[in-house]
Amino acid sequence: MPRTVYAFPTVNDVSASLRDFVLRAQDEALAKHDRFTIALSGGSLPATLARGLLEHQTAFQWSKWHVFYADERCVPLNDAESNHRLAHEAFLAHVPIPAEQVYTINPDLVGQPEAAAEDYQHQLMQAFAPTGDDVRFPVFDLILLGMGPDGHTCSLFPGHPLVNERTLWVSSLTDSPKPPPSRITLTFPVLNHAHAVAFVTTGANKQDMLVRVLDQTEEGLPAGMVNPTAGHVYWFLDEPAAAKLQDSLIDRPAAL
Ligand SMILES: O=C1O[C@H](COP(=O)(O)O)[C@@H](O)[C@H](O)[C@H]1O
């Protein structure tokens, strides 16, 4: 699996490079199939992404974007814990992506996580296999992920049975170690069928886990289990996050 690790002095530099990277991913996708499918995480990602995107909004073909969530908390869409609310406030509200191309958790099902996951999988199927094509797993143009200090990504937590899901596109859990407990999440087969996955990881509290994940000797760390079979994994780090990594692990951003 090809992997590229970039480390930038500050979060602002991460935002600027991420913007160029997303623009390139958008252009490559539009050259292939006239739409850009992207999945977003919550946590710190939307703010880091928005800072770059909103500065150069006109470069993007927003009408072609189809935005999904890599994971979502089972809460109302306007709840402070909602990943959609974070992304909406950070940048979706400020760009002209057609509302029907932003795929949210069904707000009527937030009290029933399993049904919410099933419904979200159905939304994905309609977007990726609209004519009932035999699509085993969707192929996202780009999935943007975060990583928690415990090595979780999406809502896939170390030691949780969901890390072993091999069939479903979207799963639910009601025992997330990080609140809120009820969530839905894309599964590893979906992450690992993506054309490109980029982790955006900033802050000194991620240093130790980054060493463990990027070293690739330890099994069972969800962030380290993202290995797209025909895709590429990128890491966008700031210096505080990258501080304990060996220099040899870090690639030159000029390659972007
Ligand atoms: O709970 C979650 O946490 C992860 C990591 O968040 P971060 O704030 O440490 O970047 C996030 O990627 C995920 O979407 C979210 O639900």
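Predicted model: local features only at pLDDT ≥ 70, side-chain atom pairs only at ≥ 80, totals over all residues.
Local features require pLDDT of at least 70 and side-chain atom pairs count only at pLDDT 80 or more, while totals for chains, interfaces and linings use all residues. Residues are numbered from 1 along each chain as its sequence is written.

An unreviewed UniProt entry places the feature "domain: Glucosamine/galactosamine-6-phosphate isomerase" at residues 12–235; UniProt positions are given in the numbering used here, feature names are shortened, and annotations may be inferred rather than shown by experiment. Over residues 12–235 the chain is 30% helix and 16% strand, with the end C-alpha atoms 15 Å apart. Helices (H or I, at least four residues) and strands (E, at least two) are DSSP runs, numbered from the N terminus.

The axes of helix 1 (residues 11–33) and helix 2 (residues 45–53) come within 7 Å and cross at roughly 70°. Axes are lines fitted to C-alpha atoms, for helices over the stretch in contact, and angles run from 0 to 180 degrees between N-to-C directions. Helix 1 and helix 2 are therefore roughly perpendicular to each other (under 35 degrees counts as roughly parallel, over 145 as roughly antiparallel, 65 to 115 as roughly perpendicular and the rest as oblique). Residues in contact (C-beta atoms, placed from the backbone, within 7 Å) include Val-14, Leu-18 and Val-22 of helix 1, and Leu-49 and Leu-53 of helix 2. The residues of this contact comprise seven nonpolar, four polar and two charged, where Ala, Val, Leu, Ile, Met, Phe, Trp, Tyr, Cys and Pro count as nonpolar, Asp, Glu, Lys and Arg as charged, and the others, Gly among them, as polar.

Helix 2 also approaches helix 3 (residues 83–90), their axes coming within 9 Å and crossing at roughly 20°. Helix 2 and helix 3 are therefore roughly parallel to each other. Pro-46, Ala-47 and Ala-50 of helix 2 meet Leu-86, Ala-87 and Ala-90 of helix 3. This contact has six nonpolar, no polar and no charged residues.

The ligand is surrounded by residues that include Ser-41, Gly-42, Gly-43, Ser-44, Leu-45, Asp-71, Asn-83 and Lys-178; a residue is near a molecule if its C-beta atom, placed from the backbone, lies within 6 Å of it. The shell around the ligand has two nonpolar, eight polar and two charged residues.

Pro-179 and Pro-180 are joined by a cis peptide bond with omega about -5°. Pro-180 lies in the loop between strand 6 (170–173) and strand 7 (183–186). Asp-34, in the loop between helix 1 and strand 2 (36–40), has a positive phi of about 60° although it is not a glycine.

Conventions. Contact = placed C-beta atoms within 7 Å.
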